[in-house]
Amino acid sequence: MISKSLFFYLFLQIIFHQSLFSQSFDAEVVRYTSLYEIDKDKLIATDSVTIQVNNRSGDKYTEVSIPYSKSEKISDIEAWIEDMNGKKVRELKNSEIKEKSAISDISLYEDNFTKYFELKHHVYPYKVFYTYTTTYRNFITIAYWSPVIYNSIPTKTAKLKTILPKGFQYNTFKSNISDFKTDSTETNVATEWEASYLNPIKPEIFSNPEYLIPYVIVAPLNFNYGVEGSTQNWESYGNWQYRLMQGLDILPDDEKNTVLALIKGVTDKKEIVKILYHYLQDHTRYINVSIGIGGLKPYPASYVSQNKYGDCKALTNYMKALLSYVGIESFYTKIYAGDQPHILIKDFAGPQFNHIVLAVPLNSDTIWLENTNNTNPFGYLGTFTQNRDALLVSQDHSHLVRTPALRPEENQASYKLEFDLNASGNTELKLNMSFKGDDFEKFNQLHTEFTDSEKDRIIRSYMPFDNYEVLNWDLKKLNRDTAHIELNATLNLNKFLKPLGNEYYFSLFPCRIPPFTIPSNRNLPVELPYPICNSDTLIYNLPTGYKVKNHPDSISITTIFGSYTMKFNVSEGKIQEIKRFNLFSASYSLEQYPEFYAFIKSVKDIDRMKIILKPCD
């Protein structure tokens, strides 16, 4: 038995630590429960959340949004505020619940909606309670659940409970969750999982914290979502998607005539694919829409042909129909698009994707088509969909494939800078930048989607110098299918040369290295989904009457993480520096990170070197 004094001490310690825990965050999810129950052919989900708001900055977490689509029904919304003594301060009124279309910044229309409300109090801390029920008539997953509601604040306690009919066949997958229990009655089987999220994960450059997040997936083995389907394996799941799309590839007669006119006299299949891809780009636009069964079934090709818009599903299906009409086979391919490749659970077939692309096998090669981007080069996937697993949908042969990874030469930024050094005034700089890969995608979007005034403002602020004036600039792309873009500019650099007695010095132009933090501040492994390559040629024209006093020797560094080379050539009146920096595409553990960072730091230290110019004798 614990003595009263020891009990009192432990009690104080618990209160103390709870107080510290609460005060370290603006808000926290105190409790989060979810109940998912199958009732005949419906799935009924009830979610209940308790949020504690600790200060004024935490008020933003009282803005509650409940997303849903037309195929779902939201009901039984209740919410109220309690003070820390458990006294109810006020309840949410029905008139305070608003509704809006969930329009994204890249869409003109969406068939998704949000119910939202806000409950605030002026005495801190306080608690907000809310609960609501969602009824699904079509579903492929029963639960795709995590205790994480907000990435930046903790969830102290969370529970998921499913109630399924006895004999109901289903699959489960859980990650970072060990606590669960199962109970059964004559008619149902109830399973309950418990989890928490006590240490919010801070985002870090080139990291993928997804593997640390607790989550549970529960999916029926057999389902009816538009047509009958199964999550037994990827082939059966792909067959469901294939059957769902049957009859959606019929083109109107006038569209067929247009297609035939476009490819008249062309026999090379790759050229035909390119012609039709350009036609898609020039005559359709991307709009995020969903119909019928909640957004997994694409609009028919005839609808896109008539209306000239669609989402990724509709535009890909339309492109597939164009190719099918001229006898070229292609495959609707489901993928998860994003900065970091999604961790696909290969032995758990089901909806783990958020985007659609088209695979076109030709001879021994496959052309990959991104159908939502009107300015994408032909056959260019880009950083958002390269180097990751995807599901290629084919009748009775659906299977996982890997999209091609960007090669080093496909994600390269090449700079040529020529400095006319001036000891008495501004240094003029002629600048040529050639971008591929990630930088190409950013500047290609700038080139095509922004006004001239917006381009001017962004480019003038982009230049990698502290004190400069942009005299002129020109952004150009050679042709629509070139996967690189060039920026040329002329700058005046103020006080680039700095006096040092009767001498002058200047800093070397540095490599463009991602801002990795020191090892003691890094908490997540490094995930580089593509190589990072910089190639620079720097020419420094010396001011009249001066010569080089010092310069670094040529340097070459090769590690398992990357490489760096620098060559220095000095001739009369000129310095030429040629350097290459590469980071390899790979995953690096926290144990490897100090060595990884040491390589980064060694390159940065070299780049900090100064060049001193002295008067000629």
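**Rings, burial and loops**

Author: Gladly! Let us begin with two residues, Y415 and F509: both of them are buried. Keep in mind that this is a predicted model.

Reader: What relative accessible area does F509 have, and how does it count?

Author: Buried means under 20% relative accessible area. F509 has 5%, so it counts as buried.

Reader: How do I describe a pair of aromatic rings?

Author: You give the distance between the centres and the angle between the planes. Take Y415 and F509: their ring centres are 6.1 Å apart and their planes meet at 40 degrees, so this pair is tilted. The angle falls between the cut-offs, since under 30 degrees would count as stacked and over 60 as edge-to-face.

Reader: Where in the chain do Y415 and F509 lie?

Author: Y415 belongs to strand β24 (residues 412–420), while F509 sits in the loop between β29 (503–507) and β30 (526–527). The pair therefore ties together parts that are 94 residues apart in sequence.

Reader: Which other ring pairs with F509, and how are the two planes set?

Author: That is F465. The ring centres of F465 and F509 are 5.6 Å apart with the planes at 40 degrees, so this pair is tilted. It also links distant parts of the chain: F465 is in the loop between α8 (452–462) and β26 (468–476), F509 is in the loop between β29 and β30, and 44 residues separate them.

Reader: Is F465 buried or exposed?

Author: F465 has a relative accessible area of 16%, so it is buried.

Reader: How many aromatic pairs does the structure hold, and which residues do ring pairs link into a cluster?

Author: The structure holds 38 aromatic pairs. Ring pairs join Y415, F419, F435, F443, Y462, F465, F496, F506, F509 and Y540 into a cluster.

Reader: Where does a charged end sit over a ring?

Author: Look at Y415 again: the charged end of R512 sits over its ring, 3.5 Å from the centre. Elsewhere, the charged end of K88 sits over the ring of W80, at 4.9 Å from the ring centre.

Reader: Let us turn to the backbone. Which residues does a cis peptide bond join?

Author: The angle to read here is omega. A cis peptide bond joins Y124 and P125, with omega at about -10 degrees. You can find P125 in the loop between β7 (112–118) and β8 (126–136).

Reader: What about phi: which residues other than glycine have a positive value?

Author: Among them is K40, whose phi is near 60 degrees. K40 lies in the loop between β1 (27–39) and β2 (42–53), and with a relative accessible area of 77% it is exposed. Another is K308, with a positive phi of about 65 degrees although it is not a glycine. K308 is found in the loop between α5 and β18 (309–310), and its relative accessible area of 29% makes it partly exposed.

Reader: What can I say about N307?

Author: N307 is part of helix α5 (residues 301–307). At 26% relative accessibility, N307 counts as partly exposed.

Reader: Now for the whole chain. How many helices and strands are there?

Author: The protein chain has nine helices and 37 strands. Its C-alpha atoms fill a box of roughly 100 × 85 × 45 Å along the principal axes. Of its 617 residues, 47% count as buried.

Reader: What share of the contacts comes from residues 24 or more positions apart?

Author: Among contacts with a separation of 6 or more, such residues account for 70%.

Reader: And how do I read the surface and the charges?

Author: The accessible surface comes to about 30700 Å², with 49% of it belonging to carbon and sulfur atoms. The chain has 66 positive and 72 negative side chains, and the centres of these two sets lie 2 Å apart.

Note on methods
Residues numbered from 1 in each chain as written. Predicted model: local features only at pLDDT ≥ 70, side-chain atom pairs only at ≥ 80, totals over all residues. Heavy atoms only, no water. Phe/Tyr/Trp six-rings, centres within 6.5 Å; stacked < 30°, edge-to-face > 60°. Helix = DSSP H or I, 4+ residues; strand = E, 2+ residues; numbered from the N terminus. Buried < 20%, exposed > 50% of the residue type's maximum accessible area, 1.4 Å probe, protein only. Lys NZ or Arg CZ within 6 Å of the ring centre and 35° of its normal. Contact = heavy atoms within 4.5 Å. Areas by Shrake-Rupley, 256 points an atom, 1.4 Å probe, with all protein chains shown as cover. Lys, Arg positive; Asp, Glu negative; His and termini not counted. Charge placed at Lys NZ, Arg CZ, Asp CG, Glu CD.
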